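Thanks for coming, everyone. Please have a look at it first.

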Amino acid sequence: MNLQSPETEQDRSPEPAPAFTPWDPEVFRDPYPMWAALREHDPVHRFEPVSGWVVTRYEDCCDILRDDRFSARIHDSTFEQTQRHQFADPERQEAIDEFFGRSLLFSHGTRHRQLRESVREHFSPAALRRFEPQLQKIAEELVAQLPTGEPFDFVARYADVLPLRAICALCGIPIDDEARLKSLVAGVGPLMDIVKSPEQRDAAVDSLVALRRLVRELAADRRFRARSVADALTRPGTEGAAEEAVGMLSLLLVTGSETTCNLLSALAFHLGRDQERFRHLQRGGAAASEDFVHEVLQLYPPVVGVARVATQDVLFRDKEIKRGDYVIVAIASANRDQRSAGNRRSDHLSFGFGEHRCLGATLGLAQARESLRCLLERSASIRTESEPGLKPTQVLRGFDSLRCRVDTKPVTA
């Protein structure tokens, strides 16, 4: 039983010369024919709008991600150096400079390793095993609160909520106004898009500034849980007490909630449209659920792609990539590359590859497993009531609404 796309039953390779047009409404709705065409006909595709390239085959994407000549410091790209918007407001400029110039996600080499080491122990397998009972409790409470026998929005009631509560609990960040915090975190998402309008950019920067202010206020008031990630980063007298700690915590909130929200809503969508698969997973136990999670991650990754920048001239697959060129690593395409069909299901690139493999991958998988366990144990069926709505972002791809109906199992004496 294989998953089928909500957009298309199978990837197609159109006859016209392929182009990379993620902003086109039809492509945005269904990008998989575009990816298939690029993989087949132009796997290292020149993308002039950002002075860059789009790489779409699995092995090529792995090669770029493991090659130290390609950096995550996208602020160093020719496009960013020549086209980057400069904000008159110092606070807005500092927020954007820290996010793209000094954060864990967009750092490289020694700097990246130092930042990763500063939080690594809190995301270790041992730390996550200690956190698992708390995660189970959050998931069970949320599933128990889902409406039964009537349609509801799974994103608003569950997929948006669990990841934010989980990352805040793990990091020791109190939630005073969950709706506001979620709004700010989601509002930062469009910053990841390489192609965006000035209005989208400004709104996303406003959300980032407000999120940083919130984190800064919590740090100043010493509101973080003792011995947590947030407490360790902002403890007075430590290096983490600097502004980079505010940036790190803001980044963890965004990346730790938005991507997992996309994964959870995709899992629910495919459970809701395939009742045979739902029953198979109820019978199959943990191993079947784990395979299902990785199948969804492979075919519908929460992050469509990541950007790298060439640090020197590179001849790559007969293409002359110049120093400063953007290179877009198309995860959503690479995962569907039939040339890598011999790989294990879990070899997908949805958590990245190499030094930048997602720090929170284990946490995201744990949330997916717990969500499936709770839903499968409690529900007689889950059905998708209508086509889902897509988030208006190109890189963080997921649903912003998903109407579902859950019927509970009958209670036996």
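Two strands count as paired if DSSP finds at least two bridges between them. Keep in mind, too, that this is a predicted model.

How many strands form it, and in what order? There are 5 strands, and the order is 1-2-8-5-3. The sheet is open, and its pairing is mixed.

Which strands sit at the edges? Strand 1, residues 44–47, is one edge. Strand 3, residues 70–71, is the other. Each of these two pairs on one side only.

Next, what packs on this sheet? Helix 3 does, residues 58–66. Helix 3 touches strand 1, strand 2, strand 3, strand 5 and strand 8. Against the direction of strand 8, the direction of helix 3 makes an angle of about 130 degrees.

Let's go to strand 5, residues 305–310. Strand 5 is joined to strand 8, residues 326–330, by 5 bridges. The two run antiparallel. To find your place, look at glycine 305: the residue opposite is alanine 330 in strand 8. Then take valine 306, which faces valine 329 of strand 8.

Strand 5 also has a link to strand 3. Here there are 2 bridges, and again the strands run antiparallel. Serine 71 stands opposite valine 309 in strand 5.

Is strand 5 mostly covered or mostly open? Mostly covered: of its 6 residues, 5 are buried.

Now the loops. Each has a residue I'd like you to see.

Start with serine 51. Where is it? Serine 51 lies in the loop between strand 1 and strand 2. Its phi is positive, about 50 degrees, although serine 51 is not a glycine. Serine 51 has a relative accessible area of 22%, so it counts as partly exposed. The cut-off for buried is under 20%.

Then aspartate 318. This one is in the loop between strand 6, residues 314–316, and strand 7, residues 319–321. Aspartate 318 has a positive phi too, near 70 degrees, and is a residue other than glycine. Buried or exposed? Aspartate 318 is exposed, because its relative accessibility is 73% and exposed means over 50%.

That's the tour. I'm happy to go back to any part of it.

Conventions: Residues are numbered from 1 along each chain as its sequence is written. This is a predicted model: local features need pLDDT of at least 70, side-chain atom pairs count only at pLDDT 80 or more; totals for chains, interfaces and linings use all residues. Side-chain values use heavy atoms; hydrogens and water are left out. Helices (H or I, at least four residues) and strands (E, at least two) are DSSP runs, numbered from the N terminus. Contact means heavy atoms within 4.5 Å. Axes are lines fitted to C-alpha atoms, for helices over the stretch in contact, and angles run from 0 to 180 degrees between N-to-C directions. Buried means under 20% relative accessible area, exposed over 50%, partly exposed in between (1.4 Å probe, protein chains only).
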